[in-house]
Amino acid sequence: MKHLRRLIWFIASRLLMVCAVLGLMVVTFYYAMNVTNVYVVLKDGMARRAQVCMLQEDVAELNKYFHPAFLEQDAAVQATLNGASPYEDYNVVGIDHRLEMSFVWLWPWDSTLRVDITERIPRIDGRIRGSKAEEAVALYGDSAIYPPKWTSARYRAVLTKENGQWRVKSLLLIEELAE
């Protein structure tokens, strides 16, 4: 009986260790998957938002990354839709978009996430359209030939997971950054 009890305890302890390791591996996998999805949504979404504002691209693409309620309140997107974008008279051909995300802990069962991000666009390739060039230079000087700088800023983003997809629900400006 003594040997049988030792055998059962040996098997049970090894089975418990295997279950603990497998559980840790599953949690790690889902953590990595969710954090990667969040980073991709933030990086691609913020880059697409800047492209919509500067390159006058299709606004409907933003629905993949942002909640419609957010897009209705976003000042940059609404200015572009209303024709009041500072990039309206410029022919922007490319941007250098950079996004940094702070450390975030995300459980596999979480459906809401708050994360701090830093967005920078250090270089915008483009020039003012030909018909507006002389007028802009006369009013604002030689620097008006090139597009205005994008305001670098730190944001607190709130994301929600609906139907297995993360979307940005809100962006709160924490501070504008000086270049």
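Predicted model: local features only at pLDDT ≥ 70, side-chain atom pairs only at ≥ 80, totals over all residues.
The largest pocket holds about 440 Å³ of space. Its lining consists of 21 residues, and those closest to the centre are Arg-49, Asp-74, Ala-76, Trp-150 and Tyr-155. At least two lining residues each come from helix H1 (2-55), helix H2 (68-73), helix H3 (75-81), strand S3 (153-162) and strand S4 (165-176). S4 gives the largest share, with four residues. By type, the lining has 13 nonpolar, three polar and five charged residues.

Two of the residues closest to the pocket centre, Arg-49 and Asp-74, also pair with each other: their side chains form a salt bridge with an N to O distance of 2.7 Å. This pair connects distant parts of the chain, as Asp-74 sits in the loop between H2 and H3 and Arg-49 in helix H1, 25 residues apart. Asp-74 has 7% relative accessibility and therefore counts as buried; Arg-49, at 6%, is likewise buried.

The model has seven salt bridges. Another of them joins Arg-154 and Glu-175, with the closest N and O atoms 2.8 Å apart. Because Arg-154 lies in strand S3 and Glu-175 in strand S4, this pair ties together parts 21 residues apart in sequence. Arg-154 is partly exposed at 27%, and Glu-175 is partly exposed at 36%. Glu-61 and Lys-64 form a further salt bridge, at 3.2 Å between the closest N and O atoms.

Leu-7 belongs to helix H1 and, with 46% relative accessibility, counts as partly exposed.

Terms used:
Residues numbered from 1 in each chain as written. Heavy atoms only, no water. 1 Å grid on protein atoms, 1.4 Å probe; cavity = no way out; pocket = protein on both sides within 12 Å on 5 of 7 lines; lining within 4 Å. Points joined across faces, edges and corners; volume = space filled by probe spheres on them. Nonpolar A, V, L, I, M, F, W, Y, C, P; charged D, E, K, R; others polar. Buried < 20%, exposed > 50% of the residue type's maximum accessible area, 1.4 Å probe, protein only. Salt bridge = Lys/Arg side-chain N within 4 Å of Asp/Glu carboxyl O.
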